[in-house]
Amino acid sequence: MPSQERLPDPGGESRGASQPPVLDQAYLAACLRGGLTAPKLLQMADLFELRMEEDHLAMLAALEAGNLDGVGAGAHRLKGSAGTLGLQGIRACAAGIEEAAKAGRQGACRSALAALPAVCANVLRAFRDHLGS
């Protein structure tokens, strides 16, 4: 079994090696070996999903207000939270938003924030499938 899954692209093709993996399966395996149970990880993912929705709305509001620092701060929090669950696809998306915000690229922030819900849904689906939910 490969240690990392990859997201399919919107056209249904598998992304190449240059794209970030969806999950860090090696990290998740280490979490399970370290005593976290699959049900506990799934509960953490549910909480992450609720918080992600709130953070997404806050980042959109910050963007509309022209507050790129707020967008970047929200993306930074999301990046860290995703990393603690091995959600690499979400982490990479959040890192892209954070980078765009720091560079003052509002259009890139807007595009990435528009894509974020679908990325999160795909990654969380893979996470739940991986843990047998």
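User: In what order do the elements of the protein chain run from the N terminus on?
Analyst: They go α-α-α-α-α, with 5 helices and 0 strands in total. Helices here are DSSP runs of H or I with at least four residues, strands are E runs of at least two, and numbering starts at the N terminus. Keep in mind that this is a predicted model: local features need pLDDT of at least 70, side-chain atom pairs count only at pLDDT 80 or more, and totals for chains, interfaces and linings use all residues. Residues are numbered from 1 along each chain as its sequence is written, and side-chain values use heavy atoms, leaving out hydrogens and water.

User: Ok, α2 and α3: at what angle do their axes cross?
Analyst: Roughly 165°, with the axes of α2 (residues 38-64) and α3 (residues 68-84) coming within 8 Å. Axes are lines fitted to C-alpha atoms over the stretch in contact, with angles from 0 to 180 degrees between N-to-C directions. The two helices are therefore roughly antiparallel, a label for angles over 145 degrees.

User: Which residues of α2 make the contact?
Analyst: Phe48, Arg51, Met52, Met59, Ala62 and Leu63. On the α3 side, the list includes Leu68, Val71, Leu78 and Ala82. Contact means heavy atoms within 4.5 Å.

User: Switching topic, what share of the protein chain is buried?
Analyst: Buried residues are 37% of the 133, where buried means under 20% relative accessible area (1.4 Å probe, protein chains only).

Key:
Angles under 35 degrees count as roughly parallel, over 145 as roughly antiparallel, 65 to 115 as roughly perpendicular and the rest as oblique. Buried means under 20% relative accessible area, exposed over 50%, partly exposed in between (1.4 Å probe, protein chains only).
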